[in-house]
Amino acid sequence: MWNKVRKARGRVADALRSETKSDGDKRPHNLFEAAAVYVTACAEDDQERADEAAGWVSPEALSFGVNELACRAVIALARERGESPGTVARELLGLPTA
């Protein structure tokens, strides 16, 4: 039983582990930094920068960071507009109101 827990913990740690910056800076990239750069690059249609940011962390960590960024952005926008997060999310995606 504990062996399975240790293996699962190791997989999670590997997914969240970040790589060292390639520009000589020894500070590793944070998964949220990678997500912010990736989303910004995608919004600006900068595929080269998006690919670079995607290489900073594991795909699982990037997915987690992008998901967290999306949640925070929808909540912030909903508060600003005085609407529910569901309404804002549907509007951003061009979906009809529920």
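The side chain of His29 makes a polar contact with the side chain of Glu33 at 3.5 Å; a polar contact is a pair of N or O atoms within 3.5 Å, where within protein one must be able to donate a hydrogen and the other to accept it, and residues adjacent in sequence count only if both atoms are side-chain atoms. This is a predicted model, in which local features need pLDDT of at least 70 and side-chain atom pairs count only at pLDDT 80 or more, while totals for chains, interfaces and linings use all residues. Residues are numbered from 1 along each chain as its sequence is written, and side-chain values use heavy atoms, with hydrogens and water left out. The protein has 98 residues, and its secondary structure comes to 5 helices and 0 strands.

**Overall make-up**

- Along the sequence the pattern reads α-α-α-α-α; helices (H or I, at least four residues) and strands (E, at least two) are DSSP runs, numbered from the N terminus.
- Buried residues make up 19% of the protein; buried means under 20% relative accessible area, exposed over 50%, and partly exposed in between, with a 1.4 Å probe and protein chains only.
- The accessible surface comes to about 7,300 Å², and carbon and sulfur atoms hold 56% of that surface; such areas come from the Shrake-Rupley method with a 1.4 Å probe, and for residues only the protein chains shown count as cover.
- Of the contacts with a separation of 6 or more, 41% are between residues 24 or more positions apart; contact means heavy atoms within 4.5 Å.

- His29 sits in the loop between α1 (2-16) and α2.
- His29 counts as buried because its relative accessibility is 4%.
- Besides Glu33, the side chain of His29 has a polar contact of 3.4 Å with the side chain of Trp56.
- Trp56 is in another loop, the one between α3 (47-54) and α4 (59-81).
- The relative accessibility of Trp56 is 9%, so this residue too counts as buried.
- Trp56 and Pro28 are 28 residues apart in sequence, and their C-alpha atoms are 8.4 Å apart in space.

**The nonpolar core**

- Trp56 also belongs to the largest nonpolar core, which has 9 residues: Leu31, Ala34, Ala35, Val37, Ala53, Trp56, Val57, Ala61 and Leu62.
- Helices α2 (31-43) and α4 each supply at least two residues of this core, and α2 gives the most, with 4 residues.
- A nonpolar core is a set of buried Ala, Val, Leu, Ile, Met, Phe, Trp, Tyr and Cys residues joined through side-chain atoms within 4.5 Å.
- In soluble globular proteins, nonpolar side chains tend to be buried together.
- Ala70 lies in helix α4 and is partly exposed, with a relative accessible area of 40%.

**The aromatic pair**

- A search of the whole structure finds 1 aromatic pair.
- The ring centres of Phe32 and Phe64 are 6.1 Å apart and the planes are at 50°, so the pair is tilted.
- Phe32 lies in helix α2 and Phe64 in helix α4, so the pair ties together parts that are 32 residues apart in sequence.
- Rings of Phe, Tyr and Trp (its six-membered ring) pair if their centres lie within 6.5 Å; planes under 30 degrees apart count as stacked, over 60 as edge-to-face and the rest as tilted.
- Phe32 is partly exposed at 36% relative accessibility, and Phe64 is partly exposed at 42%.

**Cysteines**

- The count of disulfides is 0, a disulfide being a pair of cysteine sulfur atoms within 2.5 Å.
- Cys42 is partly exposed, at 39% relative accessibility.
- Cys71 is partly exposed, with a relative accessible area of 37%.

- Asp45 is in the loop between α2 and α3.
- The phi of Asp45 is near 55°, a positive value in a residue other than glycine.
- At 69% relative accessibility, Asp45 counts as exposed.
- Thr87 is part of helix α5 (residues 85-92) and is partly exposed, with a relative accessible area of 35%.
- Thr87 and Ala98 are 11 residues apart in sequence, with 7.8 Å between their C-alpha atoms.
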